[in-house]
Amino acid sequence: MNDQLKLFAADINTSTLTEPRELTALRQIHQAFTAATGWELRTELVDDFDVLPGFPRGESAQRVRLSASVEADRAGVPRVDRPRAHQLGVAIQGLTGELRETIRALRRREAELAAGVPVATHRDEREHLAARLTSILKDSAAILGFRSAAAYLLDGDTMQLKLRAYWNVPRSRLLAPPRSLESSAADVEALSDVAVAIDSEAQASAWRAPEPCGAAICVRIVSSTMPLGTLWFFGRRPRPIRPRQLALARVIAGRIAAELEREVLLAETQSLAGLRSQLQEAATSTIGDQRPAPQLENWSLAGWTRHEASIGAAFHAWHAPRDTGAWCAVGECNGRRVAGALRTAALAASLQSLWRQTESPSIVLGHANAQLFQRDAGDAVATIAAARLSGEDEVRLSVAGDPAVLLATENGAKELVDIEQPLGMSGRLRPRERKFRMPRGAALILTTSGVRDALDDRGRLFGPRGIVRAMRSAWSSKAQVLADALREHLDAHTRDHAIADCAATIICRR
């Protein structure tokens, strides 16, 4: 036995792809290639077994194959060197692949634009569904040459077939009980994506057709995700069924599935119309404290809340019982948009009521935790940073969870807190309370994790450094200027990112 690899001639007959038929320009290029080089250009699919272990796979799943052209030899076309012809063929194949990908992407984009056509709704839309289905069945039966047609839909609970739409079928069939799949051989075959063609009464009896007939067609009605039922066409006399009729019956079944899906879409659209307006109203109340920032003698306050959509789970709030001091807090709750928004609204309301009873942020968070745990029985978890500003420079601060709290000055900034236990984990919580004095000209920055943990399109973290850079870019004596600069930098950081978390910020400037 020979241990060496056997070499085959390059122009041996192999399984290749056919020449491009739908692209006239590419076919002309192939013909011009043969006339210029004396070689016929073919494209062969690369199988997984053609790639040896340890060797990198090429980007293309096809490779160029050259073969001698008999027609070029008869015409006396000189054959160029094989390496040069192969190099030119590879370049042509690359352009061919790019053109096909462009056409495929264009078709998908046009289909997406077609799917974006708005669906118009009318008050009597639901009353016309039966009429539309009947009209489709009537016209389809006439085109196929059958006397009647019927659509049987599956019951999702019992997996039985019930007559839902018909043409030229006795009305009494609507009162008949649904058909079981066990006694519906043709329907089971059609639901498995095999069209059933019945051309005699004997076959109709064997396939257990739901109506007496001499010829019939049964195809499945299927949506993009699941089968919906079966479509039947009945003929009185035996007749042969042609493949073209089966193909047309499938198209008609697709039209019926589209009408059914459109009806479901219209029903969902009408039911969500009122909910959409309610969400818009709720969004305006969950953005954050809508009142202007308190005007204090020794402090300048500003804040904002940003949501990914119109509603979210972050908030900022403040309260100024006297002109010399104020409460401020930022926070966020877990849960999806609506659930999180409801929890943050309840938490913000709890803070507003508790601020009037004490001057200790630790006590405020403890009572807020008890109320949150009592409302949601441990399902809700909240992160919050609350600060009490009093006098000229005194600050009392408490946090729960992982908010970001920074003290910024002209010389730099530092983080003031670590991760603490969040609200809602247990019925009792007494977070630590920090008391310090603010230097003149400094800024206390309270933000949720949505600011610190924001990512850009490359996965880079905004982080405390991003907050500090934003402060330095617009260092001013007014808190509103700093808050606007922080939001602009955050928006620029997350502009190209697909998902942006909710975020809230309050800046206290002395």
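Trainee: At roughly what angle do the axes of helix 8 and helix 9 cross?

Mentor: In this predicted model, helix 8 covers residues 337–354 and helix 9 covers residues 361–376. Their axes come within 10 Å of each other, and the crossing angle is roughly 140°.

Trainee: Are helix 8 and helix 9 roughly parallel, roughly perpendicular, roughly antiparallel or oblique to each other?

Mentor: The axes cross at roughly 140°. An angle must be over 145 degrees to count as roughly antiparallel, and the roughly perpendicular range is 65 to 115. Helix 8 and helix 9 are therefore classed as oblique.

Trainee: Is the crossing of helix 8 and helix 9 left-handed or right-handed?

Mentor: The angle of roughly 140° describes the directions of the two axes. As for the hand, helix 8 passes helix 9 in a crossing that is right-handed.

Trainee: How many nonpolar, polar and charged residues are in the contact of helix 8 with helix 9?

Mentor: Helix 8 contributes R343, A346, L347, S350, L351 and L354. From helix 9 come V364, H367, A368, Q371, R375 and D376. Sorted by class, the contact has 6 nonpolar, 3 polar and 3 charged residues.

Trainee: Is P361 buried or exposed?

Mentor: P361 lies in helix 9. Outside its sequence neighbours up to four places away, P361 touches W327, A386, R388, R396, L397, S398 and E433. Buried means under 20% relative accessible area. The value for P361 is 0%, so P361 is buried.

Trainee: How far apart in space are P361 and P431?

Mentor: In sequence, 70 residues separate P361 and P431. From C-alpha to C-alpha, the distance between P361 and P431 is 8.8 Å.

Trainee: Which residues of helix 11 are buried, and what covers them?

Mentor: Helix 11 spans residues 463–473, and its buried residues are G463, G466, I467, V468, A470 and M471. The elements covering them include strand 14 (404–409), strand 15 (412–415), strand 17 (443–447), helix 10 (449–452), helix 12 (479–493) and strand 18 (503–509).

Trainee: What share of the contacts with a separation of 6 or more joins residues 24 or more positions apart?

Mentor: The chain has 12 helices and 18 strands, and 41% of its 510 residues count as buried. Among contacts with a separation of 6 or more, the share from residues 24 or more positions apart is 66%.

Notes. Residues numbered from 1 in each chain as written. Predicted model: local features only at pLDDT ≥ 70, side-chain atom pairs only at ≥ 80, totals over all residues. Heavy atoms only, no water. Axes fitted to C-alpha atoms, helices over the stretch in contact; angles between N-to-C directions. Helix = DSSP H or I, 4+ residues; strand = E, 2+ residues; numbered from the N terminus. Parallel < 35°, antiparallel > 145°, perpendicular 65-115°, else oblique. Left-handed = near helix turned anticlockwise from the far one by under 90°. Contact = heavy atoms within 4.5 Å. Nonpolar A, V, L, I, M, F, W, Y, C, P; charged D, E, K, R; others polar. Buried < 20%, exposed > 50% of the residue type's maximum accessible area, 1.4 Å probe, protein only.
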